[in-house]
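Please look over the sequence and the structure before reading on.

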Amino acid sequence: MTITPLDTCEVVKLDGDRYRRVRDSRDPIASTIIENYRIWSQADKERNAAETHSSVLFDTVAVYLAFAQNFCTMERLGIRVTDDGSTLIDKHAKRVDVATDWKSLDGYLGQSVNKLRKLRRQTGVRNRSLR
């Protein structure tokens, strides 16, 4: 089992040029993601967030760790979850692979932007409704 605690995934957010490259991408899947983010962000306090930055991209780190780990520092640790939901290191608990830090958050963000801008090509999606 592999996990990414908040220490590593709560810092993942796109802004500046990286975000603009995704927001302005001509890739139909990336455009659809941004369109949905614009709708979702209207309910947020920061109504125009979708024009300048992403929300925190927690889940993208978990997906990334399913196929690669080179941008993260990984440690095998005993982990237990308390009744109140806290995740604690416990040397007697089940050992899992934990992303405890970033070797290169910059590299991860760059790779993420490149993948988001080329989703149609990578997935082979040819649905005309995604134009």
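Which residues in α2 meet which residues in α5? In this predicted model, Arg-18, Arg-21 and Val-22 are the α2 residues, and they meet Asp-106, Leu-109, Gly-110, Val-113, Asn-114 and Leu-116 in α5.

**Helix pairs**

Two packed helices are described by the angle between their axes and the distance between the axes.

| Helix pair | Angle between axes | Distance between axes |
|---|---|---|
| α2 and α5 | roughly 15 degrees | within 9 Å |
| α2 and α3 | about 110 degrees | 8 Å |
| α4 and α5 | roughly 90 degrees | within 12 Å |

With axes that cross at roughly 15 degrees, α2 and α5 are therefore roughly parallel to each other, as angles under 35 degrees count as such. The crossing in which α2 passes α5 is left-handed.

The pair α2 and α3 packs at about 110 degrees, and these two helices are therefore roughly perpendicular to each other. Their contact joins Tyr-19, Val-22 and Arg-23 in α2 to Ala-30, Ile-34, Tyr-37 and Arg-38 in α3.

The axes of α4 and α5 cross at roughly 90 degrees, which makes α4 roughly perpendicular to α5. Here Thr-60, Val-61, Tyr-64 and Phe-67 in α4 meet Tyr-108, Gln-111 and Lys-115 in α5.

Arg-18 lies in helix α2 and counts as partly exposed, at 23% relative accessibility. Setting aside residues up to four places away in sequence, Arg-18 touches Asp-106, Leu-109, Gly-110 and Val-113. From Arg-18 to His-92 there are 74 residues in sequence, and their C-alpha atoms are 42 Å apart in space.

Pro-28 is in helix α3 and counts as buried, at 12% relative accessibility. Along the chain, Pro-28 and Lys-118 are 90 residues apart, while their C-alpha atoms are separated by 9.1 Å.

**The nonpolar core**

Which members of the largest nonpolar core touch the most other members? They are Val-61, Tyr-64, Trp-102 and Tyr-108, in a core of 20 residues. Two or more residues of this core come from each of α2 (16–23), α3 (28–41), α4 (58–67), β4 (95–102) and α5 (105–116).

Tyr-108 is in contact with Val-12, Thr-60, Val-61, Tyr-64, Phe-71 and Trp-102, leaving aside its neighbours within four places in sequence. Among these partners, Thr-60, Val-61 and Tyr-64 are also on the α4 side of the contact between α4 and α5.

**Cysteines**

How many disulfides does the model contain? The count comes to zero.

Terms used
Residues are numbered from 1 along each chain as its sequence is written. This is a predicted model: local features need pLDDT of at least 70, side-chain atom pairs count only at pLDDT 80 or more; totals for chains, interfaces and linings use all residues. Side-chain values use heavy atoms; hydrogens and water are left out. A nonpolar core is a set of buried Ala, Val, Leu, Ile, Met, Phe, Trp, Tyr and Cys residues joined through side-chain atoms within 4.5 Å. Buried means under 20% relative accessible area, exposed over 50%, partly exposed in between (1.4 Å probe, protein chains only). Helices (H or I, at least four residues) and strands (E, at least two) are DSSP runs, numbered from the N terminus. Contact means heavy atoms within 4.5 Å. A disulfide is a pair of cysteine sulfur atoms within 2.5 Å. Axes are lines fitted to C-alpha atoms, for helices over the stretch in contact, and angles run from 0 to 180 degrees between N-to-C directions. Angles under 35 degrees count as roughly parallel, over 145 as roughly antiparallel, 65 to 115 as roughly perpendicular and the rest as oblique. A crossing is left-handed if the near helix is turned anticlockwise from the far one by less than a right angle, and right-handed if clockwise.
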